[in-house]
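Work through the exercises below with the structure open beside you. Try each task before you read its solution.

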Amino acid sequence: MTVVLLPPVTSAPGRFLADMEPLTEGPRFVRTRSMSRWHRPRSGVRLTDRDRTVYDAWCGYGIGGSDRAGTFLVADEPPDGEPVCATCEGRAAGAGQDDSPTGRLLVFTPRWIAPPQNCPASRSSLFEELPGGRVGRCLACGDMQPLRAMGGPYNPRYAIVQHPTGQGLVDPCPFHRWRQLTARDGHAVCDCGRELAS
Ligand SMILES: [Zn+2]
Ligand SMILES: [Zn+2]
Ligand SMILES: [Zn+2]
């Protein structure tokens, strides 16, 4: 039995690894041999060239290792008497990954998964300046928005104002969603190097 995993938004910062693939499904429970309790994976990546899988648990732990060497264990249901991480159990159910262990309606809303209400380019230099210099076209969502001087007197810069996410928001990075947008050649790309279709 597998569960649906979220994109590994917070788990793969920094540089993009060419052989890293996000996993869309994973086991219900996972732990390394040395861990005292079972955790639940929130996201996972597979390092295809290196025979490794790494899951990020709802509580923040990273769990994984070599697929063949069996450095981590997976389970549909932990064996009787073996403890389960309460943070993982609650968050997984609250986010809708699995049934509530209490029967109550649990709610947990992971950040950065749904398109954000405010455009991720708000207050940034992710804009293309339009003639006149007062309005810019947002590189993330395509909307026209005013430009404002921000930063201090010694470090002035122009930024596009905070604005609601427009209809033309670029597709999310499969790893980082819209969390690490940056400008390259007049387009919004993810800081990890991935191109984002608009
Ligand atoms: Zn946990
Ligand atoms: Zn925008
Ligand atoms: Zn990325």
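Strands here are DSSP runs of E, at least two residues long, numbered from the N terminus. Keep in mind that this is a predicted model.

**Exercise 1. Describe helix α1. Which of its residues are buried, and which strand do they pack against?**

Step 1. Locate the helix. α1 covers residues 86-94.

Step 2. Pick out the buried residues. They are C88, E89, R91, A92 and A93.

Step 3. Find the packing partner. The buried residues of α1 pack against β6 (52-57).

Step 4. Look just past the helix. There G96 has a positive phi of about 90°.

**Exercise 2. Trace the pairings that involve β5 and β6. How many bridges join β5 to β6?**

Step 1. Start with β2 (residues 20-22). β2 and β5 run antiparallel, joined by 3 bridges. P22 has V45 of β5 as its bridge partner.

Step 2. Go on to β6. It is joined to β5 by 6 bridges, and the two run antiparallel. L47 stands opposite R52 in β6.

Step 3. Inspect the turn. β5 and β6 form a hairpin with 4 residues between them. In this turn, D51 has a positive phi of about 55°.

Step 4. β6 and β7 pair in the antiparallel sense over 5 bridges. T53 has G65 of β7 as its bridge partner.

Step 5. Inspect the turn of this hairpin. Between β6 and β7 there are 4 residues, and G60 in the turn has a positive phi of about 115°.

Step 6. Check how β5 is covered. Of its 7 residues, 5 are buried, so β5 is mostly covered.

**Exercise 3. Describe the open sheet of 4 strands. What is the order of its strands?**

Step 1. Read off the order. It is β9-β10-β11-β12, with antiparallel pairing.

Step 2. Find the edges. β9 (127-129) and β12 (157-160) each have a single partner strand, so one side of each is left without a neighbour in the sheet.

Step 3. From one strand to the next, it averages 45°.

Step 4. Examine one pair. β9 and β10 (residues 135-138) run antiparallel and are joined by 3 bridges. E129 has G136 of β10 as its bridge partner.

**Exercise 4. Compare R177 and D185. Which is buried and which is exposed?**

Step 1. Recall a rule. Most residues other than glycine have a negative phi.

Step 2. Note the exceptions. Phi of R177 is near 50°, a positive value. Phi of D185 is near 50°, also positive.

Step 3. R177 lies in the loop between β12 and β13 (181-184). D185 lies in the loop between β13 and β14 (187-190).

Step 4. Count neighbours. R177 has 23 C-beta neighbours inside 10 Å, so R177 counts as buried. D185 has 5, so D185 counts as exposed.

Key: Residues are numbered from 1 along each chain as its sequence is written. Chains are lettered from A and ligands numbered from 1 in the order in which they are written. This is a predicted model: local features need pLDDT of at least 70, side-chain atom pairs count only at pLDDT 80 or more; totals for chains, interfaces and linings use all residues. A residue is buried if 20 or more other C-beta atoms lie within 10 Å of its own, exposed if 12 or fewer, and partly exposed in between; C-beta atoms are placed from the backbone. Two residues are in contact if their C-beta atoms, placed from the backbone, lie within 7 Å. Two strands pair if DSSP finds at least two bridges between them. Axes are lines fitted to C-alpha atoms, for helices over the stretch in contact, and angles run from 0 to 180 degrees between N-to-C directions.
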